Amino acid sequence: MEAKDLLDRLIAKNMTLSAMESLTGGLFGAFFTAIPGASKAFRGSLVTYCDEAKEKFGVRRETLESHGAISAECAKEMCLAASSLFESDVAISFTGNAGPTADEGKPVGLVYVGIKVKEDYYGYRLDLEGDRERIRRQLVDFAFARLMEKIGE
């Protein structure tokens, strides 16, 4: 189970984790907190589903106006804001379009993930296929795998 492995690794490295989620709607946080003992590392997750919520919690209005919520720039600002708000060592963000129709002129399945580990930031663009639930689940699986990779042994 990758989520349990991630928790064990965070605890072993004395690191904390937070998230800011949009299209995942809290799914990442739900999967992670389903593990007994998650509170030893998990600081929290914000679901910023609309642009106003993103802006309230750290995404600049200029970013939303010039790049949109479905953008690498928005994912980065969400990730950095989560790290700052929760004072966590590791943070992750998710923004994109799970469908069923295009949004901001961007296709279904276009998603951006931001990961911050200590001072390092990693941004990912994914073009996923499937229905809403499949896209959201693929994102959570991707997140656990990438976090394990970036946190290291």
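This is a predicted model: local features need pLDDT of at least 70, side-chain atom pairs count only at pLDDT 80 or more; totals for chains, interfaces and linings use all residues.
Six aromatic pairs were counted in the structure. One of these is formed by Phe28 and Phe32, whose ring centres lie 6.3 Å apart with the planes at 10°, so the pair is classed as stacked, given that planes under 30 degrees apart fall into that category. Both residues belong to helix 2 (residues 27-33), where a separation of four residues corresponds to about one turn of the helix. Phe28 counts as buried because its relative accessibility is 0%, and Phe32, with a relative accessible area of 0%, is likewise buried.

A further contact, between Tyr124 and Phe142, has ring centres 5.2 Å apart and planes at 80°, and the pair is therefore edge-to-face, the angle being over the 60 degrees that this class requires. Since Tyr124 is located in strand 5 (residues 120-127) and Phe142 in helix 6 (residues 132-151), the pair ties together parts of the chain that are 18 residues apart in sequence. Tyr124 and Phe142 are both buried.

With regard to grouping, the two phenylalanines of the stacked pair, Phe28 and Phe32, are members of one aromatic cluster, which also takes in Phe42, Phe94 and Phe144. Apart from contacts between rings, a charged group is also placed against an aromatic side chain: the charged end of Lys150 sits over the ring of Tyr122, at 4.2 Å from the centre of that ring.

Technical notes:
Residues are numbered from 1 along each chain as its sequence is written. Side-chain values use heavy atoms; hydrogens and water are left out. Rings of Phe, Tyr and Trp (its six-membered ring) pair if their centres lie within 6.5 Å; planes under 30 degrees apart count as stacked, over 60 as edge-to-face and the rest as tilted. Helices (H or I, at least four residues) and strands (E, at least two) are DSSP runs, numbered from the N terminus. Buried means under 20% relative accessible area, exposed over 50%, partly exposed in between (1.4 Å probe, protein chains only). A charge sits over a ring if NZ of Lys or CZ of Arg is within 6 Å of the ring centre and within 35 degrees of the ring normal.
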